[in-house]
Structures are given as C-alpha cells and as structure tokens.
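Subject: Handover of a structure

Dear colleague,

Please find the structure below, followed by a summary of what was found in it. I would be grateful if you read the two side by side.

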Amino acid sequence: MLDNDITDIIYETFSVEEDRFGEKVTFDLKPNGREIDVTNENKREYVELKTEWIISKPVEQQFKAFMDGFNELIPQELVSVFDERELELLIGGLADIDIEDWKKHTDYRGYQESDEVIQWFWKCVSEWEGEQRARLLQFTTGTSRIPVNGFKDLQGSDGPRRFTIEKAGEPDQLPKSHTCFNRVDLPPYRDYDSLKKKLTIAVEETVGFGQE
C-alpha cells in the first residue's frame, strides 16, 4: 500500500469496523475519520493510525489497569527519569553473560572470526563490566536477558536466530543494530580505539537511534 499507487484500487476511510456482539460498530481513527478518504497523500498517516489501533486498542483497558497498579507501587515521576533500556535493567537485573558462550554461538557476514576487527570487538566486550555487556546485548537483540540454556537458544522475531556480526558501514560511522535478527552492523574500523569509542557511543547513547 505504501509503495504503490492506491488510486481506484483501495477504498478506505480513516475508520475501522469491528464486530461487537454481532453488531458492526464503526470507530474513527481520527476526528470525523469515517468521512475522510484514504488517498496517496495521506495513506502513510492511515497506516500509522490503524497500526496503533490494532496494537493498542485490544489491550487498552488491561494496560491501563496494569499502569494504575504499577504507579500505586512506584510513582510515575520516579520512573520517568529512566529510558526503556535502563528500566529493563533495573527490573530484570544484570545477567551473568558468558562471553565464551556468546562467541561460540556467533555468526559472521563479511568477516571471519580471525579478522582483526572481530578480535577488537571481543576484546572490547571482555574489558567491559557486566552492565555494559548487558547494554550491548540489549542494543543488538532488544533484551538484556539471555535464554536459560545460553546463546544457542537465542530467539529472533521469527524464531531461533544466532547472534550475527555483519561487515557494513564506513569507519566514521557508528555500529547499527537489527534487533529482530540479533544482528549488529560493524564497520571496518582501522584501530582498536576507534572501535571501542564508536561501539561505546552506540550502546550507551543511541536510544532508538541506530536500531531497527
């Protein structure tokens, strides 16, 4: 839909229709949405609004109840100072990450395990404290926790996915992660200090940015 011309092909309005106890009920995705046609010009907004509706509306009441209960225990003003990654680490704690197990169950694309850049990568990870390692895992996989049976059971969005380091990007760029696939794009840095600096910035400071 987003990549193609929808003129005279798709006839939708900014509304959704749901079955409520055998009765069709129409809900607007925006004010007066049922009166607004979806066109090539506004189709991206339509997709975003409908996606948000599908994801959040079915659990809206349950999520509100959860948040009300959560905020009774921990006031919102205390939680709001943390980003989502910091909050996960606070609630879940730090995992004891076995680097040798991590290395053993890692795949490489464009690199070989013996390449200098890869050796620098693991040297950097080995020098880091537990929290930084957890943040790296979080940056590359979307979670700071590892499976009970170790990295061999690491899961992606579509099932089992090994951790992967891919050669991509330029030496002046930061590493980029693809959390759905447990993959990190690691540029071919020219020296260890550059790799450590860029990787640290990516892991510590790119909340949302540099991740897909």
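**Surface patch**

Val59, Phe63 and Phe66 together form a nonpolar surface patch of about 310 Å². A patch consists of residues with over 30% relative accessible area and no salt bridge, where nonpolar side chains (Val, Leu, Ile, Met, Phe, Trp, Tyr) are joined within 5 Å and like charges within 9 Å. A salt bridge is a side-chain nitrogen of Lys or Arg within 4 Å of a carboxyl oxygen of Asp or Glu. Accessible areas are calculated by the Shrake-Rupley method with a 1.4 Å probe, and for residues only the protein chains shown count as cover.

This is a predicted model, in which local features need pLDDT of at least 70 and side-chain atom pairs count only at pLDDT 80 or more, while totals for chains, interfaces and linings use all residues. Residues are numbered from 1 along each chain as its sequence is written, and side-chain values use heavy atoms, leaving out hydrogens and water.

**The annotated residue and its loop**

An unreviewed UniProt entry carries the annotation "active site" for Cys180; UniProt positions follow the numbering used here, feature names are shortened, and annotations may be inferred rather than shown by experiment. Cys180 sits in the loop between β7 (176-178) and β8 (183-186) and is partly exposed, with a relative accessible area of 36%.

Asn182 is placed in the loop between β7 and β8. Asn182 has a positive phi of about 55° although it is not a glycine, and at 0% relative accessibility it counts as buried.

**The chain as a whole**

The chain contains eight helices and eight strands. Its radius of gyration, 22 Å, is well over the 17 Å that the globule rule gives for 212 residues, so the chain is more spread out than a compact globule. The radius is taken over C-alpha atoms, and the rule is 2.2 Å times the number of residues to the power 0.38. The C-alpha trace spans about 60 × 50 × 30 Å along its principal axes. Buried residues make up 32% of the 212 residues.

With kind regards

Terms used: Helix = DSSP H or I, 4+ residues; strand = E, 2+ residues; numbered from the N terminus. Buried < 20%, exposed > 50% of the residue type's maximum accessible area, 1.4 Å probe, protein only.
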